[in-house]
Every structure is written in C-alpha cells, then in structure tokens.
Amino acid sequence: ALGLNSFFSDENIYISEEQGFDKTTPFSFQKIMLRHSPECKSFVYVGDNPAKDFIQPNLLGWLTFCLKATAENIHKQPENLFFPHAATVTINKLTDLLAAL
C-alpha cells in the first residue's frame, strides 16, 4: 500500500500478516535480522501507524520512519509520542526516505 516496491526489492519487504505474526511481536523483525546478518549492520522500518508499527523495530535498534498522515491515512498520529511508539524520523513522502538514508 505504501509503494515501497518502487524503492526496495520484494524480498526485502515483509508484510507481517504474511509472515504469520503481527507487528507487536518481535518474530518477523528478528527473522529479517537473522536472514541478513552479518552483512547488514543496520535495519530500517517504514510505517504509518504509531499504535503498533514502531514498537518492535525501535526495541531492536532499527532506524524507524513514520510516513506522515495525509487525508487518505486511516491511522491517527498523535504529536506527543515517546519511545517505543515514536518513529526516529518523520517523513512527508516516500522520496524523503531516500534523502534521509
């Protein structure tokens, strides 16, 4: 839905429901880390739902990006969020992600 396949190969995009776990558990994130270790020193997560998107990747030390809500966004994004619910960086559009990396 976020159009990430324009920026990353499908093998590096995980949809938690397709993995058999939801975003509130560490399993999918740990699976990614194991798959790409030791060649990857850092990991990135992009999401738009602070209620559940950033908790596990933040706890695992990932760099997290929140795609700022637009009129089409269904998730509330409160301003005053704290770790682990807050993303490391907020971006307005996906092309901002490339500049931030």
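This is a predicted model: local features need pLDDT of at least 70, side-chain atom pairs count only at pLDDT 80 or more; totals for chains, interfaces and linings use all residues.
**Entry 1: S28**

Next I looked up where S28 sits, and found it in helix α2, which covers residues 27–36. Then I listed its contacts, skipping residues up to four places away in sequence: S28 touches S16, Q19 and F21.

**Entry 2: Q56**

My next stop was Q56, which belongs to helix α3 (residues 55–59). Q56 has 12% relative accessibility, so I noted this residue as buried too. Which residues does Q56 contact, leaving aside its neighbours within four places in sequence? I found K23, T24, T25, P26 and F29. I took a second look at T24: its backbone oxygen lies 3.1 Å from a polar atom of the Q56 side chain. I also checked Q56 against N12, and the two are 44 residues apart in sequence, with 17 Å between their C-alpha atoms.

**Entry 3: the sheet**

Last, I turned to the strands. I found an open sheet of 3 strands, in the order β1-β2-β3, with parallel pairing. Which strands are at the edges? They are β1 (44–47) and β3 (89–91), and each pairs on one side only. On average, neighbouring strands of this sheet are turned by 25° against each other, direction ignored. A reminder to myself: strands of a sheet pair through backbone hydrogen bonds, either parallel or antiparallel. Between β1 and β2 (residues 63–67), which run parallel, I noted 4 bridges.

Technical notes
Residues are numbered from 1 along each chain as its sequence is written. Side-chain values use heavy atoms; hydrogens and water are left out. Helices (H or I, at least four residues) and strands (E, at least two) are DSSP runs, numbered from the N terminus. Contact means heavy atoms within 4.5 Å. Buried means under 20% relative accessible area, exposed over 50%, partly exposed in between (1.4 Å probe, protein chains only). A polar contact is a pair of N or O atoms within 3.5 Å; within protein, one must be able to donate a hydrogen and the other to accept it, and residues adjacent in sequence count only if both atoms are side-chain atoms. Two strands pair if DSSP finds at least two bridges between them. Axes are lines fitted to C-alpha atoms, for helices over the stretch in contact, and angles run from 0 to 180 degrees between N-to-C directions.
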